[in-house]
Amino acid sequence: LPNGVTDFLATGSAPLDAHGRPESGPSLHIDKRVGIDGTTQRVDIEGLGKSLTDFALDEATGMFEAAFGHSPETLPGSLIDDNRAIFQRAYLAEIDARTDPEVAKVKAAEKTPFGGARMRRGYKHLEVTIEKTAKMVIGDPPRLRDVPTEIKVTARRAP
Amino acid sequence: MSEIDPKHRQQIERWLGRPLTVDELRPAESLEALADDQLDVVAAIRPKNLVAPVLYLNFLVPSAPMDVLTPFIDNIASVVAARKYPTSNRAQPSGDDSSSGARSTQSHDWPNLPLFERYAGRALSPIEKQPANSLEELSPAHLAITSMLARQERTVAFLYLRRIVPSAAAGACDDLVKRLATSSSA
């Protein structure tokens, strides 16, 4: 950073089985917020030529391939923060349009930055698991709805 | 005992705003075995940065898989609440159980609760609904949710603070909301 501080903008890992083989591809946490001189700022990285998400996915899959000799079969993760909010709105819109919930959750995941970044890399098949829902007032006009709050997505390469 | 990567530690401490203590750096067997003060660290830094709590918990509980770690960090306010107000004696201030997703039977005490939860994107945890005597006594969970609200809509954060600290002056609440909105804006 300009102030000489090193900040990690992304971190990720892939779980291994007892034999050291990957059980899935890498999952990532990415956050562009950094603290500079007492204020929080979102940074852009000059020279990348791509989004931080794409950069992190490139690095993670590259490291995965170097370690295991093949690209990951899946790119899993949980939707939180902005991704979750986008998913919630898209999911409820699909439900309101009488889309089957199983289809709605996939369509909603496809609309998130998480899903989009992985689909652009060829991981176009999204498996979505809604782990938890909560009753919340949401929408316009606002009303009490069952809203997914814990959402896991596994992006799988198209066969 | 292994040492935490100094750069990881610095990043955690920057977001925490103070050095980590020896106890806060003591590895645990599992996420459930984390000490209260370690949970408080996660609760304090989670609203400000997502990577820092992952680095912290990766060091404390290296065996915790990411698919467990992520919801744990995401729900840290509820984790802290469950630790401090176990179900067996949950005669807590707000009297409801948001962690189950159930609507409070006492929501008339919280006329703006749906508004707060709409902006939070989830149900508020019991600890987030616990009143405080002063702004200085706000817990990390209070500050975390206030920051989250302030980043989106300062008026909502202001209303939340006024509900949590009824005795606080409106001007003081407004100042705090502005500071949190600014410090957390991204």
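Let's start with one pair of charged side chains: Lys50(A) and Asp58(A) form a salt bridge, with their closest N and O atoms 2.4 Å apart. This is a predicted model, and a search of the whole structure finds 21 salt bridges over all chains. Side chains of opposite charge can pair when their charged atoms come close.

**Salt bridges within chain A**

- Both partners of the opening pair are partly exposed: Lys50(A) has a relative accessible area of 37%, and Asp58(A) has one of 28%.
- Arg120(A) pairs with Asp54(A), with 3.5 Å between the closest N and O atoms.
- Because Glu127(A) lies in strand β6 of chain A and Arg156(A) in strand β7, the pair links parts 29 residues apart in sequence.

**Where chain A meets chain B**

- Here 36 residues of chain A are in contact with 33 residues of chain B. The area buried between the chains is about 3,000 Å², and carbon and sulfur atoms give 53% of it.
- Asp7(A) forms a salt bridge with Arg14(B), their closest N and O atoms being 2.3 Å apart.
- The count of residue pairs in polar contact between the chains is 13. Strand β6(A) gives the largest share of the side of chain A that touches chain B, with 6 residues.
- By class, that side of chain A has 13 nonpolar, 13 polar and 10 charged residues.

- In soluble globular proteins, nonpolar side chains tend to be buried together.
- The largest nonpolar core here has 37 residues, and Leu31(B), Leu57(B) and Leu69(B) are among those with the most contacts inside it. Helix α3(B) gives the most to this core, with 8 residues.
- Leu69(B) touches residues including Leu31(B), Val54(B) and Leu57(B), leaving aside residues up to four places away in sequence.
- Another core, of 25 residues, lies apart from that one and includes Leu57(A), Leu79(A), Ala90(A) and Leu92(A).

Definitions and conventions. Residues are numbered from 1 along each chain as its sequence is written. Chains are lettered from A and ligands numbered from 1 in the order in which they are written. This is a predicted model: local features need pLDDT of at least 70, side-chain atom pairs count only at pLDDT 80 or more; totals for chains, interfaces and linings use all residues. Side-chain values use heavy atoms; hydrogens and water are left out. Contact means heavy atoms within 4.5 Å. Buried area is the accessible area (1.4 Å probe) that two parts lose on being put together, summed over both. A salt bridge is a side-chain nitrogen of Lys or Arg within 4 Å of a carboxyl oxygen of Asp or Glu. A polar contact is a pair of N or O atoms within 3.5 Å; within protein, one must be able to donate a hydrogen and the other to accept it, and residues adjacent in sequence count only if both atoms are side-chain atoms. Helices (H or I, at least four residues) and strands (E, at least two) are DSSP runs, numbered from the N terminus. Ala, Val, Leu, Ile, Met, Phe, Trp, Tyr, Cys and Pro count as nonpolar, Asp, Glu, Lys and Arg as charged, and the others, Gly among them, as polar. A nonpolar core is a set of buried Ala, Val, Leu, Ile, Met, Phe, Trp, Tyr and Cys residues joined through side-chain atoms within 4.5 Å. Buried means under 20% relative accessible area, exposed over 50%, partly exposed in between (1.4 Å probe, protein chains only).
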